[in-house]
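Please look through the sequence and the model below before reading the briefing that follows.

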Amino acid sequence: ASKAGFTGIESGGKFPKDSKKLLPKLEKENLKLCSGWYGAHLLKNSPKEEFSLMRSQLNLFKDCKAPCMVFAEITNSVQGDPKTPLSQRPKLSKDDWSKLTLRMNEIGKMMFDEGMPIAYHHHMGTVIETENETSRLMESTNDYVKLLVDTGHMLFAKGNSIKLVKDFSEKLIHVHCKDIRKEVLDKSLKNNSTFRQAFLDGAFTVPGDGCIDYVPFLKVLKEKNYRGWLVVEAEQDPAKANPFEYAKIGYKYLSKTAKDCGFVIIN
């Protein structure tokens with residue numbers, strides 16, 4: 001990541017969970033921890049129970065001075081299921097919506113009080129996947145529940161990332177820039193693929209290598225005075241797409257395009 005030009009990185013599953021081990025590695029490569037994923041089960045756990053489960057990751061992120069925690073509700077998610085297609089993902093009932101909203105409000109406040117706001121990640125295969133579901137969650141929750149916009153996931157769900165930015169710019173604190181290979185996505189949707197199979201087939205790629213034009217998206221971010229991380233992402237099969245080579249492609253395209261749209265990139 002550092003050699004590709006990046007100044008920050010999100011935590012990965014193989015990263016050390018202890019800041020005494022992780023911080024020296026980050027500092028050696030001159031990288032900051034810009035966030036990382038947390039999958040919650042708020043439809044099963046109370047906010048206090050979930051907060052207790054989050055504590056070790058919260059402490060790690062605080063020690064590393066991460067600006068936020070990427071957060072998604074993954075109860076009954078099919079995102080990693082190799083057999084269940086996306087068409088069979090879980091949906092929220094009226095009671096589930098009420099429960100999730102109330103619990104998101106509570107845990108959002110708990111995290112904010114710790115200085116670690118949550119950035120809610122709409123995600124394929126989960127209960128909050130579509131533009132309508134993401135909008136409903138943002139409209140139904142308090143100011144402590146912030147938003148992450150992921151361009152790849154939103155296009156996969158046939159939604160509009162630009163509209164989400166316009167509608168919820170005051171809640172937006174983190175951005176994932178992920179591109180789409182349209183022909184692979186179209187085939188995956190036609191074949192009712194699993195999410196896992198879709199990305200192994202190459203549905204996702206880095207910005208500049210897919211069908212998304214980032215100029216209008218970045219211009220809206222600039223218009224809304226977004227100040228935060230732009231994270232290059234692409235779940236890909238490393239045997240097909242060399243991670244270092246694609247990291248360089250993504251960094252080169254996104255940094256140039258962001259600058260062209262008026263952003264100042266801080267190193």
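In which handedness of crossing, left-handed or right-handed, does H3 pass H4? H3 passes H4 in a right-handed crossing, where right-handed means that the near helix is turned clockwise from the far one by less than a right angle, and left-handed means anticlockwise. This is a predicted model, in which local features need pLDDT of at least 70 and side-chain atom pairs count only at pLDDT 80 or more, while totals for chains, interfaces and linings use all residues. Residues are numbered from 1 along each chain as its sequence is written, and side-chain values use heavy atoms, with hydrogens and water left out.

**Helix packing**

- Helix H3 (residues 94–113) packs against helix H4 (residues 131–140) at an angle of about 55°, and their axes lie 10 Å apart.
- That angle makes H3 oblique to H4, a word for angles that are not under 35 degrees (roughly parallel), over 145 (roughly antiparallel) or 65 to 115 (roughly perpendicular).
- In contact, meaning heavy atoms within 4.5 Å, Trp 97, Leu 100, Thr 101, Met 104 and Asn 105 of H3 meet Glu 133, Arg 136, Leu 137 and Ser 140 of H4.

**Cysteines**

- The structure holds zero disulfides, a disulfide being a pair of cysteine sulfur atoms within 2.5 Å.
- The sulfur of Cys 177 is too far for a bond, because the closest cysteine sulfur, in Cys 261, is 11 Å away.
- For the sulfur of Cys 211, the closest cysteine sulfur is in Cys 177, at 14 Å, which is also too far for a bond.
- Cys 177 counts as buried at 0% relative accessibility, whereas Cys 211, with a relative accessible area of 39%, is partly exposed (buried is under 20%, exposed over 50%, partly exposed in between, with a 1.4 Å probe and protein chains only).

Methods
Axes fitted to C-alpha atoms, helices over the stretch in contact; angles between N-to-C directions. Helix = DSSP H or I, 4+ residues; strand = E, 2+ residues; numbered from the N terminus.
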